[in-house]
Amino acid sequence: MGPCAVLMGPPGAGKTVVGRLLADRLDVSFRDTDADIERIAGKAIPEIFTADGESAFRALEEKAVATALAEHDGVLSLGGGAVLSESTRGRLVDQPVVFLSVGLTEGARRTGLSTARPLLAGVNPRATFKALLQARLPLYREVATCEVATDEIDPSGVVDRVIADLHPARAVRSSDE
Ligand SMILES: Nc1ncnc2c1ncn2[C@@H]1O[C@H](COP(=O)(O)OP(=O)(O)O)[C@@H](O)[C@H]1O
Ligand SMILES: O=C(O)C1=C[C@@H](OP(=O)(O)O)[C@@H](O)[C@H](O)C1
Ligand SMILES: [Mg+2]
């Protein structure tokens with residue numbers, strides 16, 4: 001059957017936080033491929049990058065996304081770099097894919113206090129974030145069914161927009177309730 005929503009977009013867009021809220025709202029289960037990867041690898045993402053390198057992480061990620069797309073029928077959140085894989089982009093065709101977007105300033109602010117994202121842990125995280133957005137925006141847009149800009153909306157408001165864009169019938173029903 002496949003997921004009822006797949007959330008993707010850059011780090012800090014809110015895929016994990018919004019995904020969990022969206023799943024609660026739709027009364028379905030939530031899955032995040034970053035958590036799957038950590039479970040399979042038996043270590044945290046920064047440790048995978050340090051010990052095994054980014055390409056090892058990307059290989060685990062490609063498999064984790066393929067498995068989750070085949071198994072999961074709730075809300076699925078991907079890591080921000082999952083779309084770098086051409087085969088993953090192919091698997092996302094015909095899926096209900098939501099691109100959660102965030103601008104440079106807000107994305108850098110949201111990710112700035114965390115050490116959980118090794119790609120943004122360098123000396124100039126804002127410049128890294130800028131380059132990452134430039135490289136990935138076309139890929140996010142290539143696979144997106146709809147796009148929700150998150151900069152000026154809180155996570156609960158983002159869930160409202162996602163439901164309205166992806167599940168219009170459900171949005172009408174819940175506003176009648
Ligand atoms: N719409 C939003 N408004 C304000 N803060 C947000 C929003 N979405 C996410 N955040 C915050 O940004 C940080 C990153 O969120 P997270 O869900 O981990 O992003 P992602 O999984 O896309 O990297 C968290 O601290 C989260 O609370
Ligand atoms: O953008 C990326 O390449 C990454 C994003 C992270 O997930 P979030 O987008 O959920 O932060 C995580 O998969 C890893 O640190 C790599
Ligand atoms: Mg996340």
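A residue is called buried if 20 or more other C-beta atoms lie within 10 Å of its own, exposed if 12 or fewer do, and partly exposed in between. In this predicted model, V17 has 19 C-beta neighbours inside 10 Å and therefore counts as partly exposed. V17 is part of helix 1. Although V17 and P155 stand 138 residues apart along the chain, their C-alpha atoms are separated by 7.1 Å.

Helix 1 also holds T16. This residue carries the feature "binding site" in UniProt, where the entry is unreviewed. T16 has 19 other C-beta atoms within 10 Å, so T16 is partly exposed. Leaving aside residues up to four places away in sequence, T16 touches D32 and S77.

A look at V6 shows some of the contacts involved: not counting residues up to four places away in sequence, V6 touches L76, L78, L92, Q95, P96, V97 and V98.

How do two helices pack together here? Two packed helices are described by the angle between their axes and the distance between the axes. For helix 3 and helix 4, the angle is about 130 degrees and the axes are 7 Å apart. Because of this angle, helix 3 is oblique to helix 4. On the helix 3 side, I48, F49 and D52 take part in the contact, and they meet E54, A56 and F57 of helix 4. Sorted by class, this contact has 4 nonpolar and 2 charged residues, with no polar ones.

D27 is not a glycine, yet its phi is positive, at about 60 degrees. D27 sits in the loop between helix 1 and strand 2 (30-32). With 7 other C-beta atoms within 10 Å, D27 is exposed, since the cut-off for exposed is 12 or fewer. D94, also a residue other than glycine, has a positive phi near 75 degrees. The loop that holds D94 runs between helix 5 (86-92) and strand 4. Is D94 buried or exposed? D94 has 8 other C-beta atoms within 10 Å, so D94 is exposed.

Notes
Residues numbered from 1 in each chain as written. Chains lettered and ligands numbered in written order. Predicted model: local features only at pLDDT ≥ 70, side-chain atom pairs only at ≥ 80, totals over all residues. Contact = placed C-beta atoms within 7 Å. Axes fitted to C-alpha atoms, helices over the stretch in contact; angles between N-to-C directions. Helix = DSSP H or I, 4+ residues; strand = E, 2+ residues; numbered from the N terminus. Parallel < 35°, antiparallel > 145°, perpendicular 65-115°, else oblique. Nonpolar A, V, L, I, M, F, W, Y, C, P; charged D, E, K, R; others polar. UniProt positions renumbered as here; feature names shortened; annotations may be inferred.
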